[in-house]
Amino acid sequence: MTAPESPPLPGRPLDEHAVRCLRESVPHIAASAADAARTRIPGYGWARRTADRDLLRGAIALALSGFLDPSADWSGEPRPAVLEAFRDLGEAEAAEGRAPDDLQAALTVATGVAAEHLTRQALRRGLALTPRHGGTAVQKGLAYTDRLRRAAAAGHLSATARGAAQGGPEQRRLIDLILSSHCEIRALREAAARASRPLPRTVAVIAVDGRRRDAAPPRFLPEDVLNGLHLKVPCLVFPDPEGPGRRAALEAMLGDHPAVVGPAVAVTRAALSLRLARRGLDLLPPAMLAAGTPVHVSEHIPALLLVQNHDLARRLVDRKLAPLRRLRPAQQDRLAKTLLAYFECGFNASTTAARLHTHPQTVRNRLRLLEPLFGPELYAPASALDYLMALHAWQLLTDRPEGGAGKRPPNT
């Protein structure tokens, strides 16, 4: 009588013992895969430096160890440390001047060799796969390696953008001068002439969110945009931001990358635009920055004023919107949004309904719940500004009135 087959781990084609056996071969497989990538790609210079070979071999070993981790509730998504290793690999390739296609070709070779070695080791140890488990292994392996390829490509693109940003000493001098707190127009004109760049009359400085390692920076930049993506806080200097069609060009350039656009200012005051853009990047809620379009500081001045002092904003919310605590958690946000739209639409239920994409009677029903809670003060002209500010703060703050049962998203 044969022993019953051990049940596989969730999502895994092999049991834990089989996985542990294969993990013993990881160093040998990683070395073989790295050597194959170095020798099979014509003109590929992995042998140029020992550090290059070690970086590729280490990344492959880390990837295989993660793929064969018996303790993980594995879903096919590489762990952050593995993604970081492949992003570093892409950055190192770009720093050496190698093309992204060469890197992808090397990873293709390495993946094939690793799969071949894993299969050979599994057969040698008698770890036979059923057709169903074999299909699972292939499916999960393809998804896993595709994610690693994209991480390496993002690293290569990021390093390429930083290298292009530096442009040359004269261009670096120009952008440093434009973004300095004290710059004179004469010095700017001289620096622009040396850099062979036109000096714009007005600019808006864009603070680009560089905290997300998984997001590549804006890839295609117009020639007139000064690239400061290499700076500690990545930024772009966008000329003539208020000209015809310029806003559409700016948004097309940034795509869905989180960014905050500072106000349009004279080129000698670019430091002010940068400072306000950075404040927006630091203070505005992550959900607003991740909405898919760049945030323009000039259109969110009330929001920035509210989040400058969270304690005061919370106190205002607690004082003016305390009646919302009496509602069910599912009602609180919905009715707060309705009340804000109602104030901003001049207490017109039809206009409010159009903004909220609902029926006017739905708005009236919600108001019948709110009016007894807030009383006649809700419509007092002297209280209108307080209510508007409190309702905006409700949307911006990550917590709700003290004692409320509302949802508390995590701070990020």
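Biologist: Where is Q171 found?
Modeller: In this predicted model, Q171 is found in helix 7, which covers residues 169-178.

Biologist: Is Q171 buried, exposed or partly exposed there?
Modeller: Q171 counts as partly exposed, because its relative accessibility is 28% and that class lies between 20% and 50%.

Biologist: And how far apart are Q171 and S196?
Modeller: In sequence, 25 residues separate Q171 and S196; in space, their C-alpha atoms are 8.5 Å apart.

Biologist: Changing topic: how many disulfides does the structure hold?
Modeller: There are zero disulfides in the structure.

Biologist: What about C183, buried or exposed?
Modeller: C183 is buried, because its relative accessibility of 12% falls under the 20% limit.

Biologist: And C345, buried or exposed?
Modeller: C345 has a relative accessible area of 14%, so C345 is buried.

Biologist: On to helix 15 and helix 16. At what angle do they pack?
Modeller: Helix 15 (residues 349-356) and helix 16 (residues 360-374) pack at about 105°, and their axes are 8 Å apart. The two helices are therefore roughly perpendicular to each other, a term that covers angles from 65 to 115 degrees.

Biologist: Which residues in helix 15 and helix 16 meet?
Modeller: From helix 15, A349, S350, T352, A353 and L356 take part; in helix 16, they meet P360, V363, R364 and R366.

Biologist: What is the contact of helix 15 with helix 16 by class?
Modeller: The contact of helix 15 with helix 16 has five nonpolar residues, two polar residues and two charged residues.

Key
Residues are numbered from 1 along each chain as its sequence is written. This is a predicted model: local features need pLDDT of at least 70, side-chain atom pairs count only at pLDDT 80 or more; totals for chains, interfaces and linings use all residues. Side-chain values use heavy atoms; hydrogens and water are left out. A disulfide is a pair of cysteine sulfur atoms within 2.5 Å. Buried means under 20% relative accessible area, exposed over 50%, partly exposed in between (1.4 Å probe, protein chains only). Helices (H or I, at least four residues) and strands (E, at least two) are DSSP runs, numbered from the N terminus. Axes are lines fitted to C-alpha atoms, for helices over the stretch in contact, and angles run from 0 to 180 degrees between N-to-C directions. Angles under 35 degrees count as roughly parallel, over 145 as roughly antiparallel, 65 to 115 as roughly perpendicular and the rest as oblique. Contact means heavy atoms within 4.5 Å. Ala, Val, Leu, Ile, Met, Phe, Trp, Tyr, Cys and Pro count as nonpolar, Asp, Glu, Lys and Arg as charged, and the others, Gly among them, as polar.
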